[in-house]
Amino acid sequence: MYRKIIELMECPKCKNKFKIEEKETFKEEIISGYIGCDCGGKWEITEGVLDFGSEEQKGVNNWSEITREITFAELDRLIMKKTPQNQLQLQEKAKVFIADFIKEAKPDFIIDIATGRGMLLDKISSDLPPKTYLVCTDLSKTVLKADREKIKKKHPEAKISYIACDVTGLPFKDNSFDLVLSFFGVANMRASILPGLKETQRVLKGEGTFLNVSIVVKEESQSYKVLQENFGEKGKHFIDFVLCTGLLDFHKKSGFPRVDLKMIGESTAGKNELDLIPVEGDWFGVCLVQANKE
Ligand SMILES: C[S@@+](CC[C@H](N)C(=O)[O-])C[C@H]1O[C@@H](n2cnc3c(N)ncnc32)[C@H](O)[C@@H]1O
Ligand SMILES: [Zn+2]
């Protein structure tokens, strides 16, 4: 957890500045300690991860439970093996687009929304501009600890902070980040998609950019039907995020006046037993939404 990032933060309870209690540090990074506030709020940093006590998702992405049976490294290998090649290729293309954007824009502060197993993190941390600070967020402290360990070994010089928190209540001041990223992160937030996007908008600087990678299918497809069946009445509030029109609408509703949709690539889905969608045989696209506040 980098001190420079704590300067951008505010107490989620009362909006005050934090006080830092450092126990173990390495150069600019706090490895263990606390951040606290006069209102009584106190949150712990262990193994470099700041923990706001958020609970993992139920039924999906419950990383602590999943990794009781299998290690993160094995899980990565399994997902790589079981995900159809055309899907992996489009994901890679989207990662390259984002990595190139970072190289060009050289942002001071980046936040990644719902970092998960760090597919995007792995790509962008290899080549972060020296001045850039990156913040990774996720509900799961377990997944962030694994991400930090992996990336520290590969790129010890990258200035990355890890915060376990719910993205619907980011502990940051308004207008803090030059670049906000999401790589299939927001899309996985289900009922929290809209509040999550509103927070994203709030913490983005006026002149900043939000890049959000998401999968899209057609409304008349088997994939859309599967989502309807799976989520029932509840799903009405979020499943349209998988349609191009819905994707744009959600961003506009979240307060982004400028929203552009770029199709990274499209293909026909292969067999994939790990993901609910896209269903085998369906058309699908990997989209990148570029949203701006001004
Ligand atoms: C499919 S992963 C995202 C992939 C990831 N961005 C990558 O590059 O590998 C979805 C993640 O969203 C996280 N998540 C879901 N709802 C969240 C929320 N409200 N706040 C923060 N993280 C959330 C889950 O814990 C999970 O790790
Ligand atoms: Zn407070």
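Predicted model: local features only at pLDDT ≥ 70, side-chain atom pairs only at ≥ 80, totals over all residues.
Local features are given only where pLDDT is at least 70 and side-chain atom pairs only at pLDDT 80 or more, while totals for chains, interfaces and linings use all residues. Residues are numbered from 1 along each chain as its sequence is written, and chains are lettered from A and ligands numbered from 1 in the order in which they are written.

User: What radius of gyration does the protein have, and why does it agree with a compact globule?
Analyst: The radius is taken over C-alpha atoms, and the globule rule is 2.2 Å times the number of residues to the power 0.38. For 294 residues a compact globule would come near 19 Å, which agrees with the value for the protein, 19 Å.

User: How many residues lie between S1 and S2 in their hairpin?
Analyst: Strands (DSSP runs of E, at least two residues) are numbered from the N terminus, as are helices (runs of H or I, at least four), and two strands pair if DSSP finds at least two bridges between them. Strand S1 (residues 19-26) and strand S2 (residues 29-36) run antiparallel and are joined by 7 bridges, with Glu24 partnered by Ser32 in S2. Lys27 in the turn has a positive phi of about 50 degrees, and the number of residues between the two strands is 2.

User: Which elements give two or more residues to the shell around ligand 1?
Analyst: The shell, in which a residue counts if its C-beta atom, placed from the backbone, lies within 6 Å of the ligand, holds 25 residues, and the closest are Ala114, Gly116, Met119, Val167 and Asn188. The elements that give two or more residues are helix H5 (119-124) and strand S6 (133-138).

User: Which residues of helix H9 are buried, and why are they on the same side?
Analyst: A residue is buried if 20 or more other C-beta atoms, placed from the backbone, lie within 10 Å of its own, exposed if 12 or fewer, and partly exposed in between. The buried residues of H9 (residues 244-253) are Leu247, Phe250 and His251.

User: Which residue just after H9 takes a positive phi?
Analyst: The phi in question is about 100 degrees. The residue just after H9 that takes this value is Gly255.
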